[in-house]
Structures are given as structure tokens and as C-alpha cells.
Amino acid sequence: MDLEVFKNIDLLFVGIAVAFIGTMGFSTYFTDKNNLTNKTFLALCFTGMIWSILNYLSYTFHEPYLVLWILRIAVFFAVWFSFFIFELFYYFPYESSKYRKIYRYYCVPISVIASSLTLTPWVFKSVSEFTVEGRVSKVANGPGIAIFGLAVFSLVGLGIYYLYMKMRVARGEEKQSTKLILQGVSITSILLIIFNFVFPAILENPRYINFGGVFFIPFIGLTTYAIVKHHLFNVKVITTEALTLVLSIVTFIEVTLSDNIPTLILRSSLFVLVLTFGILLIRSVRKEIEQKEMLQRLSVDLGHANEQLKVMDKARAEFISVASHQLRTPPATIKWYLAAVLGGDYGKLTPNLKKAIERAQLTNNGQISLIDDMLNASRIERGKMEFIFESTDLEKIVQTHYANLLPQAEMRKLKLTYTGPKSKLPPITADKEKLGQVVNNLIDNALKYTKTGEVNVSLTATDKDFIIQVKDSGKGLEKGEESSIFQKYGRGKDSKKQSSGLGLGLYVAKVVVEHHNGKITAKSDGPGKGTTFTVTLPIKTDLKAEVFDFTKNQTP
């Protein structure tokens, strides 16, 4: 019974070591699968796990020939474990590296030769002198044991030398990480040299070989911490790794307590499953955290980009506003001079000259309309439109813009009529300039989209409302366009073919009318049957000066 207890204790130590090495190796690898340092560390942990298991088996079985081959395979992996120690220190902390001559022409060949010799009698000839417990107590070494020792010591020593030189030139966090690995490998190397080389190779006492996996823990633990230092600070990852390790150890304890073969197989399978799914869980947790960190970084970058875009948009809008104001003055002056010439203030015009000036006036009016659209665009880009309300004469506003556009109608050979109210209208509280722009846009649009026929402008009033109507016999609207044409940059079908513009006139008109507590609508019987725009404004209203913020108030 005592013998079984000791066997179970040995197995428990080995199980803890294997679970720890496997968990740390795969956890580190999944932090960045393309990183060469992580790949090498996984290979190191994998060979370390196999070596640990073989060392335990060599101490457990009592068949001489079987134990001999287990020992040979164990030292075979010991050579490659030493090789991966060198390779890890050769790469760390870089993601990729070029192979130097010392790697190609010394480390790889000596590893191949030494590992091949371990499978022959040149290293281990035989095993003998089993104890009463059935464990091997003496190994007969061959002359190749010196080559094995030279290979292992040179590989590990060369790796430690590279690590030490990197630590000397490293700075800050990289220096601390390198120092941690150097401490870990020093502790592990001392333990392995004493208990896994001096004792079995020189003193021919393999009693402590089975604890080789336990001796790896300082090196594997500190190396894992150094490689994924930043990630280990995350509590969620630490918790997941700790949980996986604890479950692996608990299930392995169950393996050690098995009293028959079926139970041993079942519990061993459970241990493998727990370890596998634990590693997959750690991988998924790390991936989730990486995605969250990436989203946080993208969010910050997006915030900075948005701030830069706001600055650029503001500068662009201000440029458009200033440029538009400067451009508006010349055509406005030209407009009044052309109107004076056509009105006969500078003498009678010949028919050909009058026709040419009318065309110039039409082009100039289109230029003014386009500049007004640019001004509205700049206001929208800046996000603000200021309203200044005062008592004004609505009929005068409508008559003025009707008169201004009458020459344009004559040029297009269209009949433009105005029907005023039957009686004097009360004053309206309004922003005279912006309300005038609404009237101008409605009449101007009607003229643009009417090839033949007439456009009628009317102003009436009820007990509660002023009603402005602009009715044309033009292209009309298709079903559904009655509301879409009032959206920002919204234009009717084929509108671009008939008229230039930005598609902002009716959108701004809707904003202006609604801020006068009014309503604007469009009605059409269909394509080719004309359109009627109706603006309804309340007579009694209590309006105060305000600034409309486009960024907070989106008119659909």
C-alpha cells in the first residue's frame, strides 16, 4: 500500500508539471500564432511534456529492455528540448529572424547527430540493479554519453549566452522580460544538471529522473510571463488559465487514485479532454480580449479621425461661405444694371440687343441662384442657420420676387402671372430675407421645369393663415416624389437633365417654412401635368430670433 502511495505521489507531481507546461505552452502560442517566438516556445513545451512523461515511465516499469528504450527516447527528446531552448533564446523577443551560420552549420547538425546517437548503445548500453519496488536503479552508459552531454550543454549554454547578450543591450520592459527568462532558465538548468544528468550519468542513479517535468516549472512559468506579459495582466485571462490548470490537476489526481485499468483509461481520457478544452477556452478568451482591445483602439482612432474631419469640414464650409458671399456681389450688381437697361433707363434698345441682354440676364439670374444654393450648403455644412424675425409685408416680398423673375419668364416664352389678395393683408412676423428666398426658389423652380405653358403665383389669406401658391404646367411629379423632393439633396427624376443645382433649395425652403410655424407641400397629378407648391403660414404667431442647428434637428 505504501508503495502505491509513493507511486501516486510521483505521478501527481508529473501530472501537475505536464498540465502546467501544456497549458502555458498553448496559451502563449494562441496569443499570436504567427509569432516565431511563440511557435518555438510551444515546440519547447511539447518536447518538455513528452520528456517528462517518458522520464516517469522509465522509473515506473521494471522490464529492462522496455526501460532501456524509454530512457533512450527520453534523452532523444532531451536533445531537442535543449535545441528549442537555444532557438527560443535565439529568436526572443522577435517575431521573425534570419538563420545565421551558427544555426545552420552547428546547432542543427549537432542536434541531429546527438539525438540519433541516443537511440543506440553508444549512449545507454543497458539497465540493471532494479530495486525491490521494481524501479531501475542503475544504467550502464556508453561512450556516446559524452557527445550527448556536450550537445546538451553547448546548446543550452549558447542559448543562455544569446539571451544574456540581448539582456545587456535591451532597455525598459524588454530588459525586464529577458531578465525573467534568464532567471527561470538558470534555476531549471541547475536542477536538471544535478538531478537529471549528474545523478544518472555520473553517479548512475536515475532516482530523480521522473521529476524532470517539475524542474521545468520555474523556466516555463517565468518565460510564459515574459512572452505574454501584457496579456497576463488581464484578470479574465488569469482566471481562465488558473481554472484550466486547477481542473487539469484535479482530474490528474483522479488518475493517480485509479485502482484498475478501465478506471485508469476513463480518468486519463477525462484528463486529456479537460486539458484540451481548457486550452481551447483560454484561446477563445484571449481572442475575445484581443477583439475588444482592437475595437477600443479603432474607436479611439475613429474619434481622432472624426475630430479631424470636423475641423476640415468647418474650414471647407467657411471657405465656401466666404467665397459665395464674395461671388454674390458682382452678379447682384449686374442684375440691377441689366434690369435698368431692359427698363429703358439708358435709352431704347434694338430688338437684337434687347434679346442678347435678356439672355445675359437669364444666365446671371441662374448664377445668383447657384450661389444661393452654395450659401445654403455652407450653412448646412457648418450646421447652423440663424433666423431674425421682424414684422414685414408678405405681399411686398411676393411681388418683389415675382417682378425680379418676370424677365426670365419672358425669355423662356412662358406666361408668369400674379394674383394678389383682394384686401390689404396684416403684417407677418418673419425673416424677410429667408422667406423671400423661399418664394424666389419656388418661382424659379417652376420656370426651370416648365418648357411651355404658364406659371401662376398667388397670395391669399384665411382667418388664420397666409397661403402662397406657385402653380406650373411643367414636368410634374411621379408618385412618391411629393415628399422626397424636400429631402436634403433630393431632386425629382430626370431633374439633373433639365436644370443645374445642388438639390438644396426645397430642403432649405422646408426648414425655413417650418421655422415660421408653417407648412410647405407639393401636389401633382402626374408626369407632364404640372405641380402646385403651397406654403401655409400662420397669421398670428409668436416667433423669436433663433439659430437652427442642423446637427441636432434633421428635417426629413
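Modeller: This is a predicted model. On its surface, a nonpolar patch is formed by Tyr65, Trp69, Ile73 and Leu119, which together have about 370 Å² of accessible area.

Colleague: Where does tryptophan 69 lie, and why is tryptophan 69 called partly exposed?

Modeller: Tryptophan 69 belongs to helix H3, which covers residues 64-91. Its relative accessible area is 30%. Buried requires under 20% and exposed requires over 50%, so tryptophan 69, at 30%, is partly exposed.

Colleague: What makes cysteine 45 and cysteine 107 buried?

Modeller: Cysteine 45 has a relative accessible area of 1%, and cysteine 107 has one of 0%. The limit for buried is under 20%; therefore cysteine 45 and cysteine 107 are both buried.

Colleague: How many disulfides does the structure hold?

Modeller: The structure holds 0 disulfides. The term requires a pair of cysteine sulfur atoms within 2.5 Å.

Colleague: Why does threonine 534 count as buried, and in which strand is it found?

Modeller: Threonine 534 is part of strand S10, residues 532-538. Its relative accessibility is 15%, and because buried means under 20%, threonine 534 counts as buried.

Colleague: What joins the side chains of threonine 534 and glutamine 469?

Modeller: The two side chains are joined by a polar contact of 3.2 Å; the cut-off for such a pair of N or O atoms is within 3.5 Å. Leaving aside residues up to four places away in sequence, threonine 534 touches Ile467, Ile468, Gln469, Lys519, Ile520 and Thr521.

Note on methods:
Residues are numbered from 1 along each chain as its sequence is written. This is a predicted model: local features need pLDDT of at least 70, side-chain atom pairs count only at pLDDT 80 or more; totals for chains, interfaces and linings use all residues. Side-chain values use heavy atoms; hydrogens and water are left out. Buried means under 20% relative accessible area, exposed over 50%, partly exposed in between (1.4 Å probe, protein chains only). Patches are made of residues with over 30% relative accessible area and no salt bridge: like charges are joined within 9 Å, nonpolar side chains (Val, Leu, Ile, Met, Phe, Trp, Tyr) within 5 Å. Accessible areas come from the Shrake-Rupley method with a 1.4 Å probe; for residues, only the protein chains shown count as cover. A salt bridge is a side-chain nitrogen of Lys or Arg within 4 Å of a carboxyl oxygen of Asp or Glu. Helices (H or I, at least four residues) and strands (E, at least two) are DSSP runs, numbered from the N terminus. A polar contact is a pair of N or O atoms within 3.5 Å; within protein, one must be able to donate a hydrogen and the other to accept it, and residues adjacent in sequence count only if both atoms are side-chain atoms. Contact means heavy atoms within 4.5 Å.
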